[in-house]
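Welcome! Open your viewer and let's take a short walk together, one selection at a time.

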Amino acid sequence: MAKPTAITNQIRTLRFHANEMTQADLARQVGVTRQTLIAIEQGKYSPSLEVAFKIALVFGVPLEEVFQYQPEPERGKPA
Amino acid sequence: MTAGEKSAVSVIAALVVVGVGYIHNVLGMAEAGEALTMASLRGSVIMAVIASVVIIVAGHIAIGIVDFKEIDFTDERDRLITLKVGRNAGAVQGFTLALAILGFLIEMQPVVLFHVVWAGLVISELVGAGSRFMLYRRGV
């Protein structure tokens, strides 16, 4: 299994609150394939800044409401 | 299964089927006592190349018909995967090319050298298709 990225997202929740927008609709508005949007939503792919901003723009929210970065604690250092 | 995954599977299937057929054919010639020279293998090699091209093209036409919407459009993730696939396949090609150069230096028979280079191309395609499948399935 691929190592999950340290970036999480709220796309599923934001789609639900946007009249249950489909993945296909969001993908079309952002300009990526539905498979890529699914990969982003599942945390299997970290999109470019441009795509990240486009997703935030579609929902009308700041970028940090869509994506969150959770760095792993460094080895040997207390969390 | 996405179009990218289907494409990778079709390439792997075509190369494995043709490769097994070619090896079976060459082993048959060896068992029959035929000398394995470039002249005697030329027909088998040409047939294997044509068969693999035909199977791969037919597979992609079928995928294009089934997934015409998906195959028509690529994005940044597809391009990233293509770059990584090229890197992996290129590494295999480089390694086998180095083997072929080594074979040339130790005066290996031309028919063996040819097969080292050809196997390198086929294995690099297999590695490329395999890594494409894994990257689409598991994530980039």
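How many helices and strands are there in chain B? Select chain B of this predicted model and look through it: chain B has five helices and zero strands. Following the sequence, the pattern reads α-α-α-α-α.

Along the principal axes, its C-alpha atoms fill a box of roughly 50 × 30 × 20 Å. Of the 140 residues in chain B, 20% are buried. Among contacts in chain B with a separation of 6 or more, 77% are between residues 24 or more positions apart.

Next, select residues 3-31 of chain B, which form helix 1. This helix has 29 residues and reaches 42 Å from its first C-alpha to its last, close to the 42 Å expected at 1.5 Å a residue. Color its buried residues, including Ala3(B), Lys6(B), Val11(B), Leu15(B) and Tyr22(B). What covers the buried residues of helix 1 of chain B? The cover includes helix 2 (38-66), helix 3 (68-71), helix 4 and helix 5 of chain B.

For the last stop, select residues 76-105 (helix 4) and 110-138 (helix 5) of chain B. Their axes come within 8 Å and cross at roughly 160 degrees, so helix 4 and helix 5 of chain B are roughly antiparallel to each other. The crossing of these two helices is right-handed. Show the side chains where helix 4 of chain B meets helix 5 of chain B: the contact has 18 nonpolar, eight polar and three charged residues.

Methods. Residues are numbered from 1 along each chain as its sequence is written. Chains are lettered from A and ligands numbered from 1 in the order in which they are written. This is a predicted model: local features need pLDDT of at least 70, side-chain atom pairs count only at pLDDT 80 or more; totals for chains, interfaces and linings use all residues. Axes are lines fitted to C-alpha atoms, for helices over the stretch in contact, and angles run from 0 to 180 degrees between N-to-C directions. Helices (H or I, at least four residues) and strands (E, at least two) are DSSP runs, numbered from the N terminus. Angles under 35 degrees count as roughly parallel, over 145 as roughly antiparallel, 65 to 115 as roughly perpendicular and the rest as oblique. A crossing is left-handed if the near helix is turned anticlockwise from the far one by less than a right angle, and right-handed if clockwise. Ala, Val, Leu, Ile, Met, Phe, Trp, Tyr, Cys and Pro count as nonpolar, Asp, Glu, Lys and Arg as charged, and the others, Gly among them, as polar. A residue is buried if 20 or more other C-beta atoms lie within 10 Å of its own, exposed if 12 or fewer, and partly exposed in between; C-beta atoms are placed from the backbone. Two residues are in contact if their C-beta atoms, placed from the backbone, lie within 7 Å. The expected span of a helix is 1.5 Å times one less than its number of residues.
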